[in-house]
Structure formats: structure tokens, C-alpha cells
Amino acid sequence: GHRSAPTVDVTRLCENFDPMRGAISRCFAILGCAVGLSLLGAAPAVAATTFTPNTFGDPAGATHCTPPLPAEGCSLRGAIADAQTGDTVQLTAGTYRLGAPGRLEVLKKITIVGAGPAQTTIEQTVADRVMRVEDGLKMSGVTITGGELFGQPGSVGSVPSGDGGDGGGVDGAGIEAGGLVTLTDVVVTGNRAVGGQGGAGGGASGNGTGGKGGRGGFADGAGISGGPLVLTRVAVTGNVAQSGAGGAGGFGTGAGNGGVGGIGGAGGGAGISVGQRSVTAIDTLIADNIAATGPAGTGGLGGAGGGDGGAGGQGEASDGGGIFSNGPVNLTNVTLTGNVAEGGPGGTAGAPFNTPGSKGGAGGNGYGGSGGAIALFNGASGKFASVTIAGNTTTAGSAGVGGKFIGGEISGASGSVTGGEGGNIRVYNSTLTLRDTIVAAGTAKAGAEDCVIGGGGKVTSTGHNLEEHHQCIATPAAGDL
């Protein structure tokens, strides 16, 4: 753990050449000496250090791995804390289980090397992400699993008639990347991000309308969020991004109406969500990740003096079950399969109080998910070569039920729904180039099973693609089927 490379006091050596010189002359001599020593290799760089944890646990107090070691031994957390830029943390076969204080904080550009993803696992056992990378990381030969994040619930609206607060959003349950992360022979699996529930609207007073329910928190990148990312022989599988539910609308009083239910949270990029950063993947599998939306909030009960029930909240769509991006996505020999982007359930409307002539609220609309495998939005640019995108799914939204008839009141109408779009691919205001790529067996509404393109988006073929439904490539190139 010690750094044993020698150090050289260049200033002292150079000053000893001629102590009788004036200060300015001596400074130039020092500068010339320093340059000369550097060119001659007399002041070598400090050698990198390799840390090898000797415990699979995460004991409290094991905060370093530089001798003298703590009694609990050198833990993975301790090794990462001590490692400096350029150092390596070498892991043996086994499962390194993390506990309090939760996530690993990788603050310097280091390398983590395991014995292989089938042999070395880093598992989170508390409600937190597995690791946060601040600057950069190279990691190989490990499995990352068990990350679980929960967004904070929104605040309850004040009385009278205060709106509920929005639920907190979460991302990066497996790895949150704040800089370049290079993964080789790594599996990221079984991580979950859950957005916070929107707060309920406050009840009214007098003849007031109930407060609105807060919006459900988003959930993105349950496997990996951020970047840039460079992935080689990586599997991102079985991660779930579950957005939060919208909060319920507050009740009305007197002739006041019930509050509107909160909008449901939207999920995206359950496997990988990079925002405007780039992802480059080679020989990689992205499979069985689920971007799930939170149900919208219910409308509030109408006031007893003739108030109508509140409308149900709007159910938002999820986008990109496997990957969501607003930036460059370069895939070579990658398979995306079994990923799901769910539609949002509209909220049930509030009922009127049992007063003749009052009406139930309208049920919330539900919007279908888009881009079961991948969603490219707002400036993204995709380049796919030898990629298989097959068997991915988007689901339709579901309608919120209108406020129910109780006595002499009028029942509210149910909400509308839209079907899932782009069972495999969604391109919106973005570009995508396909070569030697298969797009097939997507599940979505009729006419959008494989691709849906909008907002000025464009898909270009450079040849030899196989597309099942002729929904992606407007102008086929040589070899396209």
C-alpha cells in the first residue's frame, strides 16, 4: 500500500550549483536544471499502487487500506478511498457486500479489476446505489447488482387548498457516472430505481376547491446513468426504473370541486440513460430491462354543497426500456431484446358528493410507452452496425375511470388512451443510421410494432438491414430486406 518511489528536491539541487549567484540568475539556473533533470529522467513519476482488499465485508471503521491496516482488514470501500489517480483495486473471486454508509464513492480516476463477472460481484445490501463515479473509472471482470434507490415523497398540500409537492426523481441505481466510465467484461443486473410519490393536495375550506396532487417522481437509468460510457462485452439486464405515483387531489368543501389528481411519473432508459452524454457499446447485451410508469393520482371528492369531483391525473409514458439518450449512441454487434417501456395509467376521477346536479370528474388520460429497446430524443444521433433489435415491447396507456354516479349526480367520463409506439425503436427530433442490423418482432400498436419516427427525426440506411415491418427505413439501400 505504500508508495516507495523516490522524490527529488529539484530546487535544492539546482541552488547548490552556485550559491553566490543573484536571486534572478539563480531562478533561471533552477528552471534550467529542472528541465534538464526532467529530460534525463532523474525525477520519475510516482509508481501506481495496487490495493487488494482482504475482506468481503464492509465493516464500519475500515476506511483505509494503507498500513497500518485497521483490525477489520482492508475492505473494498477502504481500498477505493485510499486509491489515487492511476491506482488499481484488484478484487478476488467472491461477493463484496456493501452496507452502511451505502454507495461507493469513486472520486478519482482509478481502475477496478475483478476475476470475471461470474466470479466477482459487488452487491449493495442497503437502499442506495452501488457506486457513484465522480470523475472517471475503468472497471473489468465484475458484476454490479442490488442497487436500490427511492425518491423522496412529495409534501402534502397545506390546508386549505394547497397543492401537493412533486415526488423526488432518482437515477443510476447500479452506477451513476459523472465522468468517463469504461466497462469491460462487466454485468450490471438486478438494480432498481423508484421515483417518489407525489404529495396529496390539501383539503379545502368554505366553498373552496381542493389542492392539486403532486407529480410522481421520475426514474431513469436503473442500471447505469450518466456518462460518457464505453462498454465492451457488457451485459445490462433485468434492471427496473419505476416512476412514482401522482398524488391524490384534495377534497372540495361546500360548492367547491375536488382537486385534480397529480400526473404520474415517467420512466426512461431502465438499462442505460445517458442524457446528452455519449454511449459506445461493442459486443454487448441489453436485455429484460423495464421502464415502468407510476399511476396518476385520483381526483378529489366534490364538496357537499354541490361541488364536482376532481379530474383524475394524466398518466405519462415511459421512453426507452433499454436505452434512453439525447446524445450520441454508437452500437456495434449489440443485442437489445426483452426490454419494455410501459404506458401510463390515468388517474381515477373524484366522485361528486351525494348532491343532485353535481358531476363526477373526468378520468385521466393514459399515454402509451415508446421505444421498447431504445428511445432517441431531441438531438440524439445513433449509429448502429451489426445490431439485433428484436422482441422488445411498449404497452398502451390505460384510461382513468370517471367519477362514479352515486345518487342523483352525473357520472364523469373516462379518460382517453393511446397505444404503445415503437416496440423496438423510437426516434424523435434525432437521427439514426443503420447498417447490417436486424429490427424485428417488436410489440406495440398496429403500424408501430418496430419503429416510430417523429418530430423531424430521420433514419438512414447504409445497407444490408433486415426490417420486419418496413417502418424504420423510408429509403432502402443496397442489400436491405
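1. A nonpolar core is a set of buried Ala, Val, Leu, Ile, Met, Phe, Trp, Tyr and Cys residues joined through side-chain atoms within 4.5 Å. The structure discussed here is a predicted model, and its largest nonpolar core has 60 residues. Within that core, M131 and M139 touch the most other members.

2. Which residues does M139 contact, leaving aside its neighbours within four places in sequence? They are I112, M131, I144, I175, T182, L183, T184 and V186. Apart from this core lies another, of nine residues, with L149, A222, A241 and A291 among them. As background, nonpolar side chains tend to be buried together in soluble globular proteins.

3. Next, the chain as a whole. The protein chain has 481 residues, and buried residues make up 52% of them. Its secondary structure consists of three helices and 34 strands. The accessible surface comes to about 18900 Å². Carbon and sulfur atoms account for 56% of that surface.

4. The contacts can also be sorted by separation in sequence. Taking contacts between residues at least 6 apart in sequence, 78% join residues at least 24 apart.

5. Now the sheets. Strands of a sheet pair through backbone hydrogen bonds, either parallel or antiparallel.

6. Strand β11 covers residues 175–177 and strand β15 covers residues 224–226; the two pair in the parallel sense over three bridges. Which residue of β15 stands opposite I175? That residue is I224. I175 is also on the list of residues in contact with M139.

7. Another open sheet has six strands, ordered β9-β13-β17-β21-β24-β28, again with parallel pairing. Its edge strands are β9 (148–150) and β28 (393–394), and each pairs on one side only. Inside this order, strand β21 (residues 290–292) runs parallel to strand β24 (residues 340–341), and two bridges join them. The bridge partner of I290 in β24 is V340.

8. The structure holds two disulfides. One of them joins C65 to C74, with an S to S distance of 2.0 Å. Why is this disulfide right-handed? The torsion about its S-S bond is about 100°, so the disulfide of C65 and C74 is right-handed. Are these cysteines buried or exposed? Buried means under 20% relative accessible area. C65 has a relative accessible area of 6%, so C65 is buried. C74 is at 4% relative accessibility and therefore counts as buried.

9. The other disulfide joins C451 to C472, with S to S at 1.8 Å. Its torsion about the S-S bond is about 85°, so the disulfide of C451 and C472 is right-handed. C451 lies in strand β32 (residues 451–454), while C472 lies in the segment after β34 (466–467), so the pair ties together parts that are 21 residues apart in sequence. Both C451 and C472 are buried.

Key
Residues numbered from 1 in each chain as written. Predicted model: local features only at pLDDT ≥ 70, side-chain atom pairs only at ≥ 80, totals over all residues. Heavy atoms only, no water. Helix = DSSP H or I, 4+ residues; strand = E, 2+ residues; numbered from the N terminus. Buried < 20%, exposed > 50% of the residue type's maximum accessible area, 1.4 Å probe, protein only. Contact = heavy atoms within 4.5 Å. Areas by Shrake-Rupley, 256 points an atom, 1.4 Å probe, with all protein chains shown as cover. Disulfide = S-S within 2.5 Å. Pairing = 2+ DSSP bridges.
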